[in-house]
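Please walk through this protein chain with me, from its overall layout to individual residues. Keep the model open as you read.

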Amino acid sequence: MYTIDNKSYPCCTSVTMKFIGGKWKAVILHHLIEGAKRYNEIRKSIPTITERTLSLQLKQMEEDGIIDRIVFTEKPPLVVEYELTDFGRTLLPVLEAITKWGQQAPVISKKIIRN
C-alpha cells in the first residue's frame, strides 16, 4: 500500500498511473522530452486537447512535481515555459516504452490505422 497526499494506492502500478494516467498526461510529457516549451507550443503540438484540459493537466503535473512552470518577467510580454523536473525525467523510460509500443501497435493490430 502507498499513500500520496493522504490518498491510498494499492500497488506500485497505481502510483505510476497517478502521475501519468488519463488521456493527456503522457502525451504532454512526451512533448516535453526534448526540453522546455511554452504553453502555446504544447497546445499547437496537441491540437485535439482543449485549453481548459491542458491548463488543468499542466497544473496537476506541476503540483505533483513532474514539471516545472518557469515564468520570465524580465520584459513584456510575460513568458511561461514548462519543463520536466528531475523527478519527471525519471519517467523517461516509461514514456519511451509507451511511445515504442504505440509505434509498433499498428503493425500488430488490424484495428489501428495509421493516417
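A residue counts as exposed when its relative accessible area is over 50%, and as buried when that area is under 20%. By that rule D5 is exposed, because its relative accessibility is 67%. The coordinates behind such values belong to a predicted model.

Start with the overall layout. The chain has six helices and five strands. Read from the N terminus, the order of elements is β-β-α-α-β-α-α-β-β-α-α. The C-alpha trace spans about 50 × 40 × 25 Å along its principal axes. The chain has 115 residues, and 32% of them count as buried. Take the contacts between residues at least 6 apart in sequence: 40% of these join residues at least 24 apart.

D5 sits in the loop between β1 (2-4) and β2 (7-9). N6 lies in the loop between β1 and β2 as well. N6 counts as exposed because its relative accessibility is 79%. Most residues other than glycine have a negative phi.

Move on to α1, which covers residues 12-20. Which of its residues are buried? They are S14, V15, K18, F19 and I20. The cover over the buried residues of α1 includes β1, β2, α2, α5 and α6. After α1 comes G22, with a positive phi near 95°.

The largest nonpolar core holds 25 residues. I28, L29, I42, L58, I67 and Y82 have the most contacts inside this core. Which elements each supply at least two of its residues? They are α1, α2, α3 (39-45), α4 (51-63), β5 and α6. Beyond residues up to four places away in sequence, L58 touches I28, Y39, I42, I67 and Y82.

Helices α2 (25-31) and α6 (92-108) each supply at least two residues of the lining. Which element gives the largest share? It is α2, with four residues.

H31 is found in helix α2. H31 counts as buried because its relative accessibility is 18%, and the limit for buried is under 20%. Leaving out residues up to four places away in sequence, H31 touches K37, S45 and I46. I46, in turn, is found in the loop between α3 and α4. Is I46 buried or exposed? I46 is buried, because its relative accessible area is 3%. Consider the pair I46 and W24. These two are 22 residues apart in sequence, and their C-alpha atoms are 9.2 Å apart in space. I28 also links back to the core, as one of the residues with the most contacts inside it.

Finish at T85. Where does this residue lie? T85 is in the loop between β5 (79-84) and α5 (86-89). T85 is buried, because its relative accessible area is 10%. Which backbone atoms lie close to its side chain? The backbone oxygen of G65 lies 2.6 Å from a polar atom of the T85 side chain. The backbone nitrogen of G88 lies 2.9 Å from a polar atom of that side chain. Apart from neighbours within four places in sequence, T85 is in contact with G65, I66, I67 and D68. One of these, I67, is also among the core residues with the most contacts.

Note on methods
Residues are numbered from 1 along each chain as its sequence is written. This is a predicted model: local features need pLDDT of at least 70, side-chain atom pairs count only at pLDDT 80 or more; totals for chains, interfaces and linings use all residues. Side-chain values use heavy atoms; hydrogens and water are left out. Buried means under 20% relative accessible area, exposed over 50%, partly exposed in between (1.4 Å probe, protein chains only). A polar contact is a pair of N or O atoms within 3.5 Å; within protein, one must be able to donate a hydrogen and the other to accept it, and residues adjacent in sequence count only if both atoms are side-chain atoms. Contact means heavy atoms within 4.5 Å. A nonpolar core is a set of buried Ala, Val, Leu, Ile, Met, Phe, Trp, Tyr and Cys residues joined through side-chain atoms within 4.5 Å.
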